[in-house]
Structures are given as structure tokens and as C-alpha cells.
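Try each task before you read its solution.

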Amino acid sequence: MNTGTVPGRGAAFGALLTDFYQLTMLEAYLAQGMHEPAVFELFVRRLPPGRNFLLAAGLEQALDYLEALSFSQAEIDWLDRQGCFSKQLLDHLQTLRFSGDVHALEEGTPFFASEPLLRLTAPLPQAQLVESRLLNILHYQTLVASKAARVVLAAPHSTLVDFGMRRAHGEQAALFAARASFLAGFSGTATVEAGRRFGIPLFGTMAHSFIQAHDSEAAAFESFLRVRGQERERRQGATTLLLDTYDSEAAAAKAIELARRLAPQGLQLTGVRLDSGDLAAQARLIRRMFDQAGLPQLTIFASGDLDEQRIADLLAAGAPIDGFGIGTALSTSSDVPSLDAVYKLQSYAGQPRRKRSQGKATWPGIKQLYRRSSEQGMMSGDLVALESEGAGEINGGRALLQAVMQGGRRLAPAPSLADLRSRQAAARQSLPPELCSLQAAATPYPVVISAGLRSLAEALDRAKV
């Protein structure tokens with residue numbers, strides 16, 4: 001297994017990136033000979049306040065993790081030195097590989113509370129061991145993709161760029177945030193490594209320090225444009241000047257003068273960025289200045305503590321802003337920093353299992369998720385049912401959990417991120433209009449628990465099983 005610091009597409013951390021209790025349970029399962037097939041399902045118990053839907057993301061990295069799962073000799077030796085595990089466990093880890101099956105939602109699929117995002121079937125020790133890392137991967141990307149989807153809904157015609165690396169909680173989070181946001185419809189990222197690893201378009205401008213390092217703002221602008229303004233460079237990224245280091249209006253005047261003077265030399269300014277202050281008022285003023293100067297092609301890009309609500313407010317106020325960089329609010333999902341995502345045992349050795357904890361009860365058995373659509377292609381209702389029931393209850397609903405791994409190996413090559421992004425865009429178009437608001441929908445999307453599933457839960461409750 002690769003033990004580097006960051007994933008290429010999947011996990012680059014060793015198998016010890018797990019919770020300690022996964023190993024203690026694994027040891028106990030082995031001692032008791034509990035190797036029968038277990039079915040676990042990963043789902044979100046409830047939608048956070050203000051979220052009308054979630055967007056599935058992270059499956060490819062989860063499958064990478066499962067395919068690559070193994071313990072290195074160095075990891076086993078380290079466990080041995082701790083003196084808290086049996087030789088039986090340590091010997092078992094020498095040859096442990098994931099050999100199970102996975103059914104999952106396609107990345108970019110909208111989903112709701114109590115709906116399985118992933119269903120995993122494997123011998124119990126394997127199925128249990130992978131819980132922590134699967135939640136770690138799928139929870140975070142789903143969290144960020146769901147946040148990014150709201151930004152896209154707020155500004156569907158704007159250029160949207162992930163600026164979140166510097167506030168992300170670690171290097172892997174920075175990369176996964178870039179991937180998840182692009183999947184959800186963002187235009188690109190400022191994180192260069194995400195561009196290399198995932199093929200995401202790169203965007204960037206300049207920092208205030210670049211301006212301050214020069215003797216004058218005008219000199220900073222000209223030196224940047226002379227380097228970045230060549231045709232070869234313009235194909236790789238915009239030549240965008242940052243205006244608000246000192247005075248935005250004065251800086252805009254300098255940008256106009258520079259654009260006019262250097263255009264005959266083939267050096268083209270593409271736009272400007274605003275990062276502070278009253279963004280709407282500044283954008284209106286600068287837009288007028290550009291238009292009056294005969295430079296309507298220059299774009300205005302905004303950043304600085306932006307989220308979906310602030311972007312929606314700016315656009316509703318008529319701010320002539322063409323694009324937005326979203327940082328902290330995206331990579332930390334600051335208003336909803338976590339989801340109530342769980343991974344629960346639903347069947348073992350062919351028998352359904354049900355957790356009955358107060359407020360945390362689960363629906364037992366092996367399940368499938370069916371989605372019904374209207375004649376116009378709009379989502380109209382979901383059914384969570386036992387797989388054995390079929391989709392008849394909702395008049396031909398489409399099964400959403402698809403087989404993606406069998407015997408520990410993918411059933412098909414991983415789709416490209418660009419393809420997943422396109423499919424996500426199509427899925428987003430099928431959302432009912434009331435779910436596309438940034439406010440909580442008056443009527444939640446209908447998710448029905450099937451009669452067969454309810455009957456099974458009641459039977460298990462009566463039997464106290």
C-alpha cells in the first residue's frame with residue numbers, strides 16, 4: 001500500500017488510519033469464528049437545518065481504499081510492539097484484503113435522510129474494519145459537495161472557484177474539497193495539486209503582497225500583465241488584477257489605462273478582483289468605469305468571506321459580478337460542519353439486524369432505494385424498501401443503488417470526474433423547484449419507508465432481536 005501523505009485518487013494512508021475499536025472488534029470476531037457475510041449501510045440519519053437535499057460524493061476514493069486495503073509489515077510490527085493484540089490477529093492481518101461487494105449511489109446523486117448512500121457486503125471482520133475510513137472519505141466529500149451545490153443554485157450562471165485550501169483541515173481535505181466542489185458544478189479550483197490529480201481547471205489572480213512588494217500599484221499591475229498577458233499564458237489562466245489593496249476606484253483607473261496602453265502590444269487584461277468592502281457598490285462603480293472606457297469585456301470577480309447566501313444577496317441586489325471565489329465557507333462547510341452520517345449493520349449470517357437505541361433506531365435488512373420521476377423528468381418521491389420487495393410499490397421507481405464492486409474489485413473503470421460532473425448537472429435539473437431554494441422547503445421531499453420494511457422492524461422489536 002502507498003503510505004505517502006496525500007491520495008492520488010484514493011487513500012494514500014496505511015490501514016492503521018482507523019479507530020482502535022475496529023481492531024479490538026476484529027480480534028474478537030476472529031477468536032469467535034465470526035466470518036459470516038455481514039451487510040452494512042452508510043446513510044445520514046437526518047438532514048441538517050436549512051438543507052433540502054444532500055449530494056453523494058467520494059465513492060471513487062472509497063473504492064480506491066477498499067481495493068488497496070492491506071496492512072504493511074511495518075504496520076503489523078508496530079502493532080506487535082504495542083503488546084495489546086494476539087498473534088492470531090497479527091497473523092490474520094498479514095493476508096487481509098477486502099473481498100466484498102459494494103452497491104452505491106452514483107456520485108452527484110441527490111439523496112435524503114435514511115437513504116443508503118452505500119451498501120457493503122463482506123465477511124463480518126472485513127465489513128467492520130472499513131467503517132471508520134469509509135465514513136471519513138464519504139462524509140467529507142458529501143458534506144462539501146452538498147455545500148457547493150447550494151452555491152451553484154445561488155449563482156448558476158457565474159464562474160465559481162474553490163479558494164478553500166488555506167482554511168481546509170489538512171492536505172487531504174483541501175484536495176477532496178476541490179474535487180467535491182467541481183463535481184457539484186464549480187468551474188474550477190485554486191489548488192494546483194487538485195488540477196494535476198483530478199484534471200480540475202485552475203484559476204488564480206494575485207495577492208495583496210504582490211502589489212505591496214512593488215514601489216507602486218501601477219508598476220505591480222504592469223509587471224504582472226507583461227508576464228501573464230501573453231497569448232500563451234491567457235489560455236492557461238486569466239490575467240486578473242486585484243484592485244482593493246489601497247483604493248479600488250483609483251486601481252480601476254490604473255487598470256483601464258494599462259489595458260488601453262498594452263493592448264496594441266498583444267497584452268490583454270481579462271478582469272479584476274475585489275476582495276473586501278461593499279462588493280456590490282464597488283462592482284457597480286467599476287463596471288460603469290469599464291463600460292464608459294469601452295472595455296465591456298473586462299470581468300469582475302469577487303472573493304472574501306463569501307458563502308451561498310451572501311452571493312445570492314449580491315446577485316439579487318444587481319451587483320454586476322461575473323464570478324466568485326469561495327474559500328472558508330466551502331472547505332469547512334462552516335454553517336453545517338458535519339452530517340449525522342453513520343454506518344450500521346443491517347444483516348448478519350442471513351438474518352436481519354436492527355438497532356433500537358432511542359433516537360438512533362435503524363431500519364433492518366438489506367435495502368434498495370427507488371426513485372420515481374414525473375413525466376417531465378422531475379423527482380417526485382423515493383421509497384426505501386427491502387431489496388426483496390422490488391419497486392412495485394411506487395409504480396416502477398428506478399433503483400438507485402447500483403453494483404460497483406464485486407469480490408473486492410471494481411466492476412467497471414472509474415468514470416472521469418468531468419463525466420460525473422455532467423451527470424450531476426443533469427440530476428440537479430431534476431430537483432423539484434422547492435428544493436432549489438436556500439431556505440428550508442415548506443414541504444420536505446417525500447421519502448417513504450416501505451410496508452415490508454416497517455413490518456420487519458416491528459417483527460424484530462416483538463422478538464427483541
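The exercises below cover a helix pair and a pocket.

This is a predicted model, where local features need pLDDT of at least 70, side-chain atom pairs count only at pLDDT 80 or more, and totals for chains, interfaces and linings use all residues. Residues are numbered from 1 along each chain as its sequence is written, and side-chain values use heavy atoms, with hydrogens and water left out.

**Exercise 1.** Describe how helix 10 and helix 12 cross.

Step 1. Find helix 10 at residues 217–228 and helix 12 at residues 248–262. Helices are DSSP runs (H or I, at least four residues), numbered from the N terminus.

Step 2. The two axes come within 10 Å and cross at roughly 40 degrees. Axes are lines fitted to C-alpha atoms over the stretch in contact, and angles run from 0 to 180 degrees between N-to-C directions.

Step 3. Helix 10 and helix 12 are therefore oblique to each other. Oblique is what remains after roughly parallel (under 35 degrees), roughly antiparallel (over 145) and roughly perpendicular (65 to 115).

Step 4. Sort the contact residues of helix 10 with helix 12: seven are nonpolar, none polar and five charged.

**Exercise 2.** What lines the second largest pocket?

Step 1. Count 31 lining residues. Nearest the centre lie Leu105, Glu106, Glu107, Gln402 and Arg423.

Step 2. Helix 16 gives the most to this lining, with four residues.

Step 3. By class, the lining has 17 nonpolar, seven polar and seven charged residues.

How values were computed:
Helix = DSSP H or I, 4+ residues; strand = E, 2+ residues; numbered from the N terminus. Nonpolar A, V, L, I, M, F, W, Y, C, P; charged D, E, K, R; others polar. 1 Å grid on protein atoms, 1.4 Å probe; cavity = no way out; pocket = protein on both sides within 12 Å on 5 of 7 lines; lining within 4 Å.
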